[in-house]
Amino acid sequence: MTLGSWAYVAMLVFCLVGTIPLELVLGLGVLRQVRRLGLTILLAAGPFVLWDLWATDAGHWWFDPEQTLPVRVAGIPLEEIGFFVVIPLCAILTYEAVRTLRGRPGRWFARERTDAPRVKETT
């Protein structure tokens with residue numbers, strides 16, 4: 001195993017280090033909704049993992065053992081599967097952070113808005 005084997009993992013860690021603080025600082029609530037987040041990541045990752053399985057089996061591409069860790073799941077490097085988890089998570093965190101900072105909390109993780117103007121009832 002070479003130093004290059006850790007490059008993919010380092011990139012995933014870099015992405016997480018850049019986006020996890022958004023959850024903590026802005027209180028987005030993304031990580032608190034584990035079931036919803038897990039389902040979203042599964043729906044995003046599932047087709048791509050299947051595509052990787054098919055493409056590697058068909059010989060369309062491969063994963064260079066010199067540039068990946070030796071741990072494989074069904075022939076796919078563990079960090080490749082991690083990519084399909086980390087990148088959707090980072091995308092959701094970034095989206096929710098932008099919506100929050102623009103004053104428009106996203107619909108993804110619905111929460112009660114305390115800054116919304118109240119409508120007066122007329123009789």
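Visitor: What percentage of the 123 residues in the chain is made up of buried residues, and what does buried mean here?

Guide: Buried residues make up 26% of the 123 residues, where buried means under 20% relative accessible area, taken with a 1.4 Å probe and protein chains only. This is a predicted model, in which local features need pLDDT of at least 70 and side-chain atom pairs count only at pLDDT 80 or more, while totals for chains, interfaces and linings use all residues. Residues are numbered from 1 along each chain as its sequence is written, and side-chain values use heavy atoms, with hydrogens and water left out.

Visitor: Where in α2 does a kink lie, and how is the bend defined?

Guide: The kink, of about 30°, lies at Ala45, shortly before the proline Pro47; the bend is the angle between axes fitted to the seven residues ending at a residue and the seven starting there.

Visitor: Which residues of α2 are buried, and what do they pack against?

Guide: They are Leu37, Ile41, Ala45, Asp52 and Ala55, and the buried residues of α2 pack against β2 (76-77) and α3 (78-101), contact meaning heavy atoms within 4.5 Å.

Key. Buried means under 20% relative accessible area, exposed over 50%, partly exposed in between (1.4 Å probe, protein chains only). Helices (H or I, at least four residues) and strands (E, at least two) are DSSP runs, numbered from the N terminus.
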